[in-house]
Amino acid sequence: MIALLTIFSTSLIVSFSGAMMPGPLMTATIGESARSGPWVGPKMIAGHALLEIGLLFALFFGLAPLFKNELFFILIALIGGVIMIWMAQSMFRSIPKLEIKTESPSGKGMNVYLAGILMSLANPYWIIWWATIGLGYVLHSQKLGFAGISFFFVGHILGDLVWYSAISFAVGKGRKFFSNRTYRTLVGACAVFLTAFAVWLVCGGLIKLLKL
């Protein structure tokens with residue numbers, strides 16, 4: 001159980017690190033929340049989650065033989081760790097300029113469930129994340145079977161849901177609930193965690209490499 005809770009908690013925090021960075025999904029959530037209210041965020045993540053469930057099944061079942069390859073795990077750990085360090089440093093550099101803009105766009109409202117899928121696909125960062133960090137988590141979690149994968153995915157989606165719900169509520173109900181200073185502090189905290197997790201991942205990969 002401790003191993004499962006560890007997977008869940010680290011997946012949750014890493015998910016925050018990715019969810020907090022601006023991208024197509026956040027832009028659409030903020031814009032539509034200004035028009036349609038605070039429930040836009042959870043609906044966006046519902047569409048986002050459907051897309052990721054499909055991707056997770058493809059990774060878990062279609063690529064199962066590849067997951068058992070020790071060299072593949074080492075490669076993912078090293079590449080994923082380096083990318084996470086780069087991501088964290090990018091987050092640190094972006095902190096002084098981060099802002100939550102709440103201008104309401106004009107035009108007809110969007111289908112937020114479909115937007116959650118399309119905006120995720122439109123984000124190159126999402127693809128990179130799953131090709132490196134996400135895949136590394138799947139490789140590690142699948143050692144504990146379906147329970148490991150489930151705890152990873154629930155933690156991952158919960159991070160997205162909490163963050164986008166908070167953003168949607170803040171925009172839909174007013175800026176007084178969520179300031180730019182709070183936003184920057186949270187991004188900085190997640191950048192610190194992401195750096196620490198990346199170092200742990202790279203060290204794990206190097207240890208396995210030396211044992212070959």
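**View 1. C190 in helix α9, in a predicted model.** C190 sits in helix α9, where helices (H or I, at least four residues) and strands (E, at least two) are DSSP runs numbered from the N terminus. This is a predicted model, in which local features need pLDDT of at least 70, side-chain atom pairs count only at pLDDT 80 or more, and totals for chains, interfaces and linings use all residues. Residues are numbered from 1 along each chain as its sequence is written, and side-chain values use heavy atoms, with hydrogens and water left out. C190 counts as buried because its relative accessibility is 8%; buried means under 20% relative accessible area, exposed over 50% and partly exposed in between (1.4 Å probe, protein chains only). Leaving aside neighbours within four places in sequence, C190 is in contact with I13, F16, S17, M20 and M91, contact meaning heavy atoms within 4.5 Å.

**View 2. V14 and its partners.** V14 belongs to helix α1, and with 1% relative accessibility it counts as buried. Not counting residues up to four places away in sequence, V14 touches W129, I133, Y137, F193, L194 and F197. Look also for A191: from V14 to A191 the C-alpha distance is 9.2 Å, although 177 residues separate the two in sequence.

View 3. L12 is another residue of helix α1, and it is buried, with a relative accessible area of 19%. Its contacts, leaving aside neighbours within four places in sequence, are G155, L158 and G159. The C-alpha atoms of L12 and L158 are separated by 6.6 Å, while the two residues are 146 apart along the chain. Stepping back to the helices, α1 and α8 have axes 7 Å apart and pack at an angle of about 35°; axes are lines fitted to C-alpha atoms, for helices over the stretch in contact, and angles run from 0 to 180 degrees between N-to-C directions. By class, this contact of α1 with α8 has 15 nonpolar, six polar and one charged residues. Here Ala, Val, Leu, Ile, Met, Phe, Trp, Tyr, Cys and Pro count as nonpolar, Asp, Glu, Lys and Arg as charged, and the others, Gly among them, as polar.

**View 4. S141 in helix α7.** S141 lies in α7, which covers residues 124-141. Its relative accessibility is 0%, so S141 counts as buried. Beyond neighbours within four places in sequence, S141 is in contact with I7, G148, I149 and F152.

**View 5. The largest nonpolar core.** A nonpolar core is a set of buried Ala, Val, Leu, Ile, Met, Phe, Trp, Tyr and Cys residues joined through side-chain atoms within 4.5 Å. The largest one has 53 residues, and W130, F152 and W163 touch the most other members. Each of α1, α2, α3, α5, α6, α7, α8 and α9 supplies at least two residues of this core.

**View 6. Confidence along the chain.** The mean pLDDT of the chain is 78, with 85% of residues reaching 70 or more; pLDDT is the predictor's confidence in each residue, from 0 to 100. Confidence is highest in α8, at a mean of 87, and lowest in helix α4 (residues 64-67), at 60. Where pLDDT is low, the predicted coordinates should not be read in detail.
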